[in-house]
Amino acid sequence: MNNKNHAKDYLSEFSNNKPEWLKALVKDAIETNGSIAESRKNEIFENLLNDTPLQVQTYNLSSAQQYSQKLLFESLTHVSGVNALCENQTMKFSPDLTVLYGLNGSGKSGYFRILNEVCGGNQKKEILLNIYALEADRKAISVEVKYLQGKTHKTLNWDNSNRALPDFNGVKVFDSSYLNGLLVSRTPDEAVVYPLGLHLFSYIAQIMDSFSERLTLLATTERGNLPVINTENLSNDLKTSFNQKLDFDDAKRNEIKGKYSFSDADNKSLQEKQSTLTTLQQTNYEDKISLLTQKNNIYSEFTKKVNNTVKDLGDYSQYLKRAFNSYKTAKEKNDKALLQSQILKSLPQSNTEEWKNFIKAGKEYSSKLNENEIKKCPYCHQDIVSEDAVKIIQAYATFLNDTSAGELDAATENLKKIRNTINGYDVSIQLTDDIKSIVSDSETLETKLTALNDYKQSLLSAKRVDDIKIFNTDFSVEAKAIQDTIGKNIEELNSLNASKVKKEETIATLQTEIVALKEKESISKQKVAINNYFNIQDKIKAIENKRNSLNTKGITNKSNQAQNELLTSALERRLKDELEKLGRKDLKVQLKVSNGSKGKCSTELVLTGNNSIKNVLSEGEQKAVGLAVFFAEIQNENYPIILDDPTTSLDHRIVAKLANRLLSFNNQIIVFTHYQLFMNSLRSTSKGHFCDKYGESTCNKKTKHIFAYEIDENLSKKGIVNRYLQRDSKTIIAKIENEISTINTSDLKDVPKNIRKCVEYLIDEVLLKEQLLRKYCGGDNIKWDKLKEINSASSNIVDRLHEIHGRVSGGEIHVDMESEENPPTIQELQDFFKDLKAIQAGTFTQQTGKTQ
């Protein structure tokens, strides 16, 4: 069964098994009702950051009502120690309504603070010892509270060592702190209401977010404090990490710390390795390798050129022989064909292209004739009858079928082409000094090279096959000498390359060792800075871990749960009812569902009011709505309700409705107020009466019993508990008359103060006829000229009241030079009293300002 009825019940549950800082944050948010002092926030933050000791009082945070029996306060006695309250002051509480009336500074708030702390009110109220007393005279706090729980009478002896005592968990307390976070305007005609302390969730989440921002800023600041490490001689990974201000894991840190010491032996080794490296780097294998490689390339190219030239010339000689043979064959065939076609030479122009084309056209034409038509001449279409004509026709056939001319032309062209190729072929080969140096007879080699060109010319000059000779110059001796040299050079190159590789490996090893030694040397010189770097990184890591733990998801989920369970349609109906009872039925109440985030609720209670929400956020209207919400929260009639100054900033209409509403509750009500209009409203209501029995004897009146007390003060004491007297000029005049009969110059007592009060009541009763609030009167700022405008016929009364009020005002506000050096005389006080009494009785002469 869910017995949670307030946000602090959920927050208390949420704080279980949480870190100390979060428990303190929740507790302080609850006990201040969302108004934690900045200094306290800083203390909580320091605990989060550094685990510094944090003073956290342990007491019950829950508001869950553990008892079903009726709880009634019976009496409260201030024995000693609370602020400057008078000792041994007792007040008895009515089972219905008790009012503690007193002006500001009278000590009234001291009694409220006692009840607030005992009951665990909305906000923790600090209770101090009497700061006006000498330290040796200050007494410990001692308060006695008597109460009835069910049928059991109990007594609590309280010393301010704890708050929110279990027996009083269900007591509801209203004061100005109740309004903290209660209303949040969202649009001109809409405001969200956070009853039952639900605003505390977003308040806590916002503080957690602010802590997260502070941690982020701290981490950034610490990162800016990281020392600059000289990374010139460090390895690339260390260089990158230090330059980018990265952290190192434990293994890497231990590796770095292992290089903090750079011994003389390390220094000597570094110098030796650097010297060896310099010597090796000066050893030049590359030039030797390059030179030998270059020579081998020259040798190889020479040998290749000679071999290729000899081979190519041999191939060309064979091509040339085949070309000569083809030409000879084609020539013979062509000569034979020419002999057979001698008859055609008798025809004019028979060797022209036109004639040849004419003959070919006839052949094409004959191929399209039938068998009989073929026997006729294709050109004149006449029968062929003469022998010469027959020979000519046969010659035509031979001419048309002959291909020898084309073959001869092709053979001629091919021969020409081969000769051109041979002519363009380069047989020149340069005999360099490198070649000359390795052959035994360079002159013979040069002669052989010249023979290549001679052979080329012989091919070009050949006219027939028989003119082509075989090239028989031998280069084998020179080729062997060159190959032997190339082989020796390769052996030397292999040796040089091996030496080069070994050199490079040694250099690489030395460079690695030198880099490691230089890194060690650099680290050893910067070990203080590096240790500082590690320490700051540890701080950053700790800060970031703390920041990562600040997850508001848990508080948001708990907020959603609380909102969904506490914001019910029944609460919505009660709030509507309470707003109407307090005269604000123009405001509409609606439950809405939204997306919860950052401690905010998924279910909202929304006020709407036709552009009147901006007025609700004024001080007086906010107080009225706050009271309506407070009353709507009350579901249990078994627990008392305590209200501190609920009437502040309320207009007279709402004050009257409030008086009636309080007397409608079946709960015990305790009200602290300084508002006389509220007292008048209680007196005029038909639901209750000012009871003069104060529980000492039976009162037979049927309406609710109102116990009214006036909390008073004098020059040396505050919190004096007196039974409340009727607040009018007649009552005050009777009091002054009693005091003035015993007054002497050495003991003025309270006469000046009461005279001043009498002036103010006469303004209400005589000048304003009790029809207006004291808009023109209050404290030191009575608007005397305005009073004359309102009632010009009473200007003499206004002047006399102004004169009296001004003379006695200095002594009531504080003990100053006027009250000490120029106090009212007995005669003045008696004259003041006489005139006030006349004004109250209506016997003061208007024209002369004298008493009749």
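**Close-up views of a predicted model**

View 1. Since 7 of the 8 residues of α1 are buried, the helix is largely enclosed by the rest of the structure. Helices (H or I, at least four residues) and strands (E, at least two) are DSSP runs, numbered from the N terminus. The model is predicted: local features need pLDDT of at least 70 and side-chain atom pairs count only at pLDDT 80 or more, whereas totals for chains, interfaces and linings use all residues. Residues are numbered from 1 along each chain as its sequence is written, and side-chain values use heavy atoms, with hydrogens and water left out.

**View 2. Packing of helix α1 with helix α2.** Helix α1 (residues 7-14) and helix α2 (residues 20-31) have axes 10 Å apart and pack at an angle of about 170° (axes are lines fitted to C-alpha atoms over the stretch in contact, and angles run from 0 to 180 degrees between N-to-C directions). The angle therefore makes α1 roughly antiparallel to α2, a term applied to angles over 145 degrees. Lys8, Leu11 and Phe14 of α1 meet Leu22, Val26 and Ile30 of α2, where contact means heavy atoms within 4.5 Å. By class, this contact has 5 nonpolar, no polar and 1 charged residues (Ala, Val, Leu, Ile, Met, Phe, Trp, Tyr, Cys and Pro count as nonpolar, Asp, Glu, Lys and Arg as charged, and the others, Gly among them, as polar).

**View 3. The largest nonpolar core.** A nonpolar core is a set of buried Ala, Val, Leu, Ile, Met, Phe, Trp, Tyr and Cys residues joined through side-chain atoms within 4.5 Å. The largest one holds 132 residues, of which Phe73, Phe168, Ile642, Leu643 and Phe678 touch the most other members. Helix α5 (residues 199-224) gives the most to this core, with 10 residues. A second, separate core of 30 residues includes Tyr299, Tyr425, Val427 and Leu459.

**View 4. Contacts of phenylalanine 73.** Leaving aside neighbours within four places in sequence, the contacts of phenylalanine 73 include Phe93, Leu115, Val145, Phe168, Pro640 and Ile642.

**View 5. Glutamate 572 in helix α18.** Glutamate 572 lies in helix α18 (residues 569-581) and counts as buried because its relative accessibility is 13%. Not counting residues up to four places away in sequence, glutamate 572 touches Val589, Gln590, Leu591 and Leu605.

Note on methods
Buried means under 20% relative accessible area, exposed over 50%, partly exposed in between (1.4 Å probe, protein chains only). Angles under 35 degrees count as roughly parallel, over 145 as roughly antiparallel, 65 to 115 as roughly perpendicular and the rest as oblique.
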